[in-house]
Amino acid sequence: MKKIEVRVQLRREVLDPQGKAILKVLHGLGYDEVRSVRAGKLLTLLVDDEALASRSGSASDPAASDSGADLEPRAREMVERVLANPVIESYDLRIETVAGSGTGSGTGDHAGTD
Amino acid sequence: MKRIAVIVFPGSNCDRDCLWAIEQAGAEAVPVWYRSGDLAGIDAVVLPGGFSYGDYLRAGALAARSPIMASVRRFAAQGRPVVGICNGFQLLTESGLLPGALLMNDHLRFRWQLVRLRVERTSTVVTAAYREGEVLEVPIAHKEGCYYAPPAELKRLEASGAVAFRYVEADGRPAERANPNGSLQAIAGLANEAGNVVGLMPHPERRIELVLGGSDGTPFFRSLVEAA
């Protein structure tokens, strides 16, 4: 099993009124050192990568499977088709192995786009 | 008689108003449940306001990926009228049928109020019966209506005359305070190049008879029936 974590944020050039409102409250509480706040969302997907591999019939390289590298293009596709709106949002994703596959907890590629 | 479909998603709540407005304008109004996917015999499509799929993820995002939208996309590609009002506009941008996106209002509040709109373009399926520059009074009711497009895209939209409606003062002049949500260039509604796909945040279907406080939305639906 793999866990995909997708962090979605408004692009830097897009105004984030929620972040601004949060910043104001933090300043009101005396946290003057905070320079900016950006609000975003975290989506966590649990993916049966073994079922995916057997379905696509690819006897994938176990090392690649461990790192989640073979899952990444598909995860990015999901993000770009639905989970994030590229017009206004950027994202990064992280794939890691979770209990159930017995391969430990290798941390996947942690790449970002902007 | 022309047949105009109103697509009903779980969470749509302006579908009845749109059906009524279409009937009043002289066409047959056909509610189409989002799962049916069938637009056979339909002459125009309206995507109504509301909160399709509870606005989960992003307003309009999940409805935009439902199978009926594939039919709507094909329908639009044939040059036939597709109109999105409020949540319907969000759906059109999320589907890529219109450019840009609708962000949370810059003041973060849901706002119901009357606004003034200037008709910027009459060569669309919903504005042919208006005069260019005419100022309409119609309500808005939304929290995610702040129109955004990247600077280059925005420039292209203005240069090509894609803007159909803009928030203005009663005298037709644009002003900061007339813009109820922070939309860039005070854009309230847009059309594609051919003018057959139109989206807007305000609700013309709530302004089609005097008992509702005004009838500035009537030509909107008359135009649509004519174009269908």
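Biologist: Which residues lie nearest the centre of the largest pocket?

Modeller: In this predicted model, the largest pocket is lined by 25 residues, and Leu10(A), Lys41(A), Glu89(A), Arg58(B) and Met104(B) lie nearest its centre. The space within this pocket is about 470 Å³.

Biologist: Which helices and strands each supply at least two residues of that lining?

Modeller: From chain A they are strand E1 (2-10), helix H1 (17-28) and strand E2 (40-47); from chain B, helix H4 (87-94) and strand E5 (101-103). By class, the lining holds 12 nonpolar, 6 polar and 7 charged residues.

Biologist: How is the size of an interface often given?

Modeller: The size of an interface is often given as the accessible area lost when the parts come together. Here, about 1200 Å² is buried between chain A and chain B, with carbon and sulfur atoms giving 68% of that area. Pro17(A), Val82(A) and Val87(A) supply 35% of the area that chain A buries against chain B, more than any other three residues. The contact involves 16 residues of chain A and 14 residues of chain B.

Biologist: How many salt bridges are counted between chain A and chain B?

Modeller: The count is 1 salt bridge. In it, the side chain of Arg58(B) meets that of Glu89(A) at 3.6 Å, N to O. Both residues are also among those nearest the centre of the largest pocket.

Biologist: Which element gives the most to the lining of the second largest pocket?

Modeller: Helix H4 (residues 72-83) of chain A does, with 6 residues. This pocket holds about 220 Å³ of space, and its lining divides into 4 nonpolar, 1 polar and 6 charged residues. Chain B also takes part, with residues including Ala64(B) and Arg65(B).

Methods
Residues numbered from 1 in each chain as written. Chains lettered and ligands numbered in written order. Predicted model: local features only at pLDDT ≥ 70, side-chain atom pairs only at ≥ 80, totals over all residues. Heavy atoms only, no water. 1 Å grid on protein atoms, 1.4 Å probe; cavity = no way out; pocket = protein on both sides within 12 Å on 5 of 7 lines; lining within 4 Å. Points joined across faces, edges and corners; volume = space filled by probe spheres on them. Helix = DSSP H or I, 4+ residues; strand = E, 2+ residues; numbered from the N terminus. Nonpolar A, V, L, I, M, F, W, Y, C, P; charged D, E, K, R; others polar. Contact = heavy atoms within 4.5 Å. Buried area = accessible area lost by both parts, 1.4 Å probe. Salt bridge = Lys/Arg side-chain N within 4 Å of Asp/Glu carboxyl O.
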